[in-house]
Amino acid sequence: MIKSFFRNANGIAGSIGVLLIAAVSIFAPSIWGKKAHTINVVNGDKGPSGAHWLGTDRLGHDIFYQLLVSTRLTMEMALGATGIAILVGIPLGAGAALLPERVRMIALRALDTLIAFPGLLIAIVFAAVLDPGKFSAVLGVGIGLSFSFARVASSLTLAIRDREFISAARVVGVGRTRLMVRHVLPNIADSLAIATTVSIAAAIVTMAGLSFLGLGVQLPSVDWGRMLTTGVQSFYLTPFAALGPGIAIALAALVFGFFGEGLARAANPVLWPGSGGDDDSATATADGPPTVDDPYEPVEDGVLDVRDLTVSFPSGRKRRQQVVRGVSLDLAPGETLGIVGESGSGKSLTALAIAQLVAHPGVVEGRITVNGTELQRVPLKEVDRTLGTSLAVVFQDPMSSLNPAVKIRNQLIEGVRRHRGLSRAEAVLAARRRLGEVNLPTPERQLERYPHELSGGQRQRVLIAMGLMNEPNVLIADEPTTALDVTVQAQIMDLLAGINAEHNTAVVLISHNLGLISQNCDRVLVMYAGRVVEEVAADRLTEAEHPYTRALLGAVPDMAHSREQPLVSIPGQMPDARSTPVGCAYHPRCPLAVPRCAEQRPPLQLNAVGHRVACWVANSDEAPAGAATVGTATSGDGA
Amino acid sequence: MSAMTEVSYSDGAAPSEPLRAPRATNPWVAFVRRRIISVVVILLLLATVTFSLVRLIPGDPGVIIGGTASTRAEQMAIDHRLGVDRPFLTQYWTYWSNLLHGDLGRSFVTNDPVTTILKQNAGASLQVAGLALLLVLAVSIPGGIALGALTRDRRHRHVENWFTGIASVVGAMPELLVATLLAYAFALQLKVFPVGGTGGINFLVLPVLAISLRPIAILLRLVRVETLSALATDYVRTARSKRLPARTLYLRHVLPNVVTAALTIGGLLFADLIAGTVIVETIFARRGLGTTLVNAVLSRDYPVIQGMVLVLGVAVVFANAIVDFLLASLDPRQVSR
């Protein structure tokens with residue numbers, strides 16, 4: 001945390017500034033105290049000069065030195081106010097969060113409103129009741145700031161209140177005060193540190209405002225706000241008498257703001273991208289241009305035809321890293337194709353690339369033809385129309401894939417309204433029909449609902465219905481059931497099968513679950529490290545030849561599997577895109593690897609039974625005895 | 001800050017997935033009832049605090065307000081006018097009864113009814129604060145979305161760097177400094193606008209700018225970040241997969257979620273604007289609630305102080321209530337909270 005704090009510029013600037021302010025506060029009064037307090041009426045209200053850098057005020061005080069000397073009082077008051085805010089706010093907020101539910105709701109709402117009260121107004125009230133002066137100012141500003149501390153403390157406490165160690169402490173019978181001091185506070189300490197610096201900045205500004213209004217520090221004591229008052233009074237003569245303290249106030253606030261931002265970044269680097277860690281080491285093995293080693297015969301009248309698809313992202317300077325490498329696939333009308341692979345295999349990115357949803361700075365290359373339209377060759381408008389009407393995607397997480405602020409109806413009809421030019425009434429009618437088709441009861445009612453009123457399974461049905469609105473030829477379902485319960489999973493898969501059968505919609509099903517894919521697809525593509533390593537008919541999956549596919553098969557439990565026997569797990573990990581090994585990407589994990597596997601990448605070749613497989617061992621005649629190869633391997637060019 | 005976070009939800013429904021039972025009452029009715037109750041409670045508290053202002057003065061208010069030079073008779077007269085010489089409950093009762101009759105007392109200094117003083121000054125303050133609020137919203141929301149669109153997916157890094165740099169400096173500048181800088185540049189050097197006073201539209205430009213710049217910088221940053229996170233959401237990806245025109249994408253799918261976040265801190269910004277108005281009125285020597293309040297505190301004119309605090313407080317409470325309702329109408333999930 002300390003390291004990342006000093007790695008961001010704000011943190012460095014902030015800490016240097018804070019140290020400077022501290023030094024000036026401590027030493028300035030004893031060094032320049034005399035200079036600042038020297039009165040020289042003859043020399044009053046003068047502009048900046050060599051002797052007086054910021055000029056003088058009416059009584060001839062040097063403004064620059066006065067500014068330095070009054071830093072101490074300004075900071076003392078700001079720190080004092082923040083101290084009060086912490087002492088009052090944290091027990092208030094943390095205590096409120098630990099109250100029983102009913103009372104807590106009321107307390108938190110009241111807190112919300114109190115925060116919305118201007119701190120300055122609260123401080124003015126204190127000045128009105130007590131005598132305007134240092135004491136009332138520190139107290140007033142402190143109380144004004146305490147509510148935001150209370151808010152921070154209460155939400156942090158709420159967030160960790162239900163964590164296990166707190167419940168454990170409660171079960172053991174630790175008292176409320178002790179619970180707060182011993183268990184809650186240490187866990188919220190870093191957030192409170194950030195809140196503290198932010199609050200010091202706010203205290204400086206509010207306090208200056210109060211003194212400026214004449215309700216804070218009273219003469220002869222002087223803080224920056226008080227100096228500003230004097231400065232504004234002679235603004236015509238010597239504007240710098242006002243600008244000097246004004247800039248000092250802003251700078252001090254900025255310094256503490258930076259310091260706090262630095263702390264925040266250090267405490268939570270994920271939320272602050274671009275704070276260091278951007279220097280990708282250039283050790284990546286950049287792939288060459290996509291090599292066309294994939295002799296692929298497109299299916300006549302296919303609805304989807306993808307050729308040599310690569311997706312790459314920048315890595316380091318001027319380098320691009322391929323994450324999907326030369327994937328080709330095709331899809332006949334009404335066919336169901338499964339793409340299986342571990343996470344990181346590039347299967348989801350392949351789907352996003354086909355739907356043209358890869359975000360900048362990702363770059364998609366290769367040829368994608370949807371329903372006879374080659375997307376790279378037609379204008380963008382045509383791409384929109386083709387994809388909008390012929391292809392639909394159902395995403396993994398139904399909870400987050402629907403817009404929470406838009407009614408189901410509008411989310412369903414906007415696509416057809418756009419691409420088919422339907423009237424609103426026609427579109428709503430179509431939407432109702434589709435919701436019926438995905439077996440949602442009372443479609444008219446669902447249309448008027450918002451996503452948060454539906455369950456996860458219901459939302460996935462809505463998403464599928466949304467995909468069907470334009471009667472697409474291709475439906476890509478990317479892990480459509482991963483986020484759902486097991487019973488609901490089966491229903492969603494049945495639904496997809498039904499749609500496939502009824503509308504002759506071709507389906508691309510993407511999953512890490514080979515069992516799911518083999519039960520629901522005609523054909524299976526197995527992906528590993530961004531490439532297709534095997535393609536096989538689903539009903540002949542047991543004849544798969546690639547060692548990786550075989551390993552995946554070994555990891556699928558079935559009824560025949562004896563419970564005493566452990567499931568096979570694949571040792572090692574899929575390489576990430578940056579460190580893909582030379583040769584076959586799977587060879588470090590492969591039990592059958594031969595020397596050649598580490599040198600040359602095996603091409604995807606057609607074998608005798610019509611599978612395609614990329615493996616030197618499977619495709620060679622000298623397959624070692626006992627290898628998991630089935631069928632006769634051929635080394636033909638498969639053309 | 002994001003209202004977008006979802007509770008993870010396990011779909012433990014039976015195979016038939018029964019719909020949730022329809023609510024017995026309209027959620028809006030319950031929502032409105034809850035909010036009205038909380039506004040009433042807070043207003044009661046506010047009035048009680050204002051009432052207590054005088055009672056909290058340590059020592060004898062007559063002595064403190066009248067000063068040591070005043071006679072005992074004068075001090076007692078002050079106590080009598082404040083009502084602090086009567087029993088506590090009587091005082092509280094009288095206060096409420098006067099309040100409900102629209103009687104806020106009379107100024108010690110001018111002897112004018114406080115309501116008259118309010119009427120004379122509220123307009124000028126409302127003008128500044130209202131114009132500033134409009135300016136802030138009109139600049140920050142479209143501007144922030146445009147900046148978000150421009151810098152999405154880490155595009156235009158130089159724009160992003162310049163913007164965050166400038167915005168964080170401006171966002172840290174107190175109204176005090178902005179006002180003095182503006183006065184220096186536009187009133188003293190360029191002589192485009194008057195330095196101070198109350199008058200036509202020319203007199204409004206600098207005060208309004210002075211209190212708007214900081215909130216604009218803060219809100220622009222927030223809206224940009226919210227736009228970026230909205231653009232990165234799954235639901236915007238879903239919308240993109242429908243190949244909608246950019247206009248629909250931004251207006252329907254990004255805007256509501258961005259406005260929600262902007263409004264959430266909008267209430268706080270309004271408080272900022274009110275505090276800013278108080279300061280700016282003093283700097284630019286404008287008449288208004290702020291200067292009236294400050295002068296009243298300095299001259300210990302308690303009836304006026306009470307009146308101003310009450311009115312400014314009510315303004316904050318109502319602004320927050322309005323924000324709450326707007327939020328709820330934009331983000332339906334808020335209603336059931």
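Q: What makes A:Arg409 and A:Glu448 a salt bridge?
A: Their side chains meet with N and O 2.9 Å apart, and the cut-off is within 4 Å, so the pair counts as a salt bridge. Keep in mind that this is a predicted model. The two residues sit in distant parts of the chain, 39 residues apart: A:Arg409 is in helix α14 of chain A, and A:Glu448 is in the loop between α16 and α17 of chain A.

Q: Is A:Arg409 buried or exposed, and how do you know?
A: A:Arg409 has a relative accessible area of 17%. Buried means under 20%, so A:Arg409 is buried.

Q: Why is A:Glu448 called partly exposed?
A: Its relative accessible area is 37%. Buried is under 20% and exposed is over 50%, with partly exposed in between, so A:Glu448 is partly exposed.

Q: What makes A:Arg523 and A:Asp330 a salt bridge?
A: The closest N and O atoms are 3.2 Å apart. A:Arg523 belongs to strand β9 of chain A and A:Asp330 to strand β2 of chain A, 193 residues apart.

Q: How do you know that A:Asp330 is buried?
A: A:Asp330 has a relative accessible area of 4%, and the cut-off is under 20%, so A:Asp330 counts as buried. A:Arg523 is buried as well, at 14%.

Q: What other salt bridge does A:Arg523 form with A:Glu335, and where is A:Glu335?
A: The side chains of A:Glu335 and A:Arg523 meet at 2.7 Å, N to O. A:Glu335 lies in the loop between β2 and β3 of chain A, 188 residues from A:Arg523. Both residues are buried.

Q: Which residues do salt bridges that share partners join into one network?
A: The network joins A:Asp330, A:Glu335, A:Arg523, A:Glu535 and A:Arg612. Over all chains, the structure holds 22 salt bridges.

Q: Why is the pair of B:Phe31 and B:Phe325 called edge-to-face?
A: The ring centres are 5.6 Å apart, and rings pair within 6.5 Å. The planes stand at 85°, and over 60 degrees counts as edge-to-face, so that is the label this pair gets. B:Phe31 is in helix α1 of chain B and B:Phe325 in helix α12 of chain B, 294 residues apart.

Q: How do you know whether B:Phe31 is buried or exposed?
A: B:Phe31 has 0% relative accessibility. That is under the 20% cut-off, so B:Phe31 counts as buried. B:Phe325, at 29%, is partly exposed.

Q: What makes the A:Asp384 and B:Arg243 contact a salt bridge?
A: The side chains meet at 3.0 Å, N to O, and the rule asks for within 4 Å, so the label applies. Between chain B and chain A, the count is three salt bridges.

Q: How many residues of chain B are in contact with chain A?
A: 79 residues of chain B are in contact with 91 residues of chain A. The area buried between the two chains is about 7,100 Å².

Methods
Residues numbered from 1 in each chain as written. Chains lettered and ligands numbered in written order. Predicted model: local features only at pLDDT ≥ 70, side-chain atom pairs only at ≥ 80, totals over all residues. Heavy atoms only, no water. Contact = heavy atoms within 4.5 Å. Buried area = accessible area lost by both parts, 1.4 Å probe. Phe/Tyr/Trp six-rings, centres within 6.5 Å; stacked < 30°, edge-to-face > 60°. Helix = DSSP H or I, 4+ residues; strand = E, 2+ residues; numbered from the N terminus. Buried < 20%, exposed > 50% of the residue type's maximum accessible area, 1.4 Å probe, protein only.
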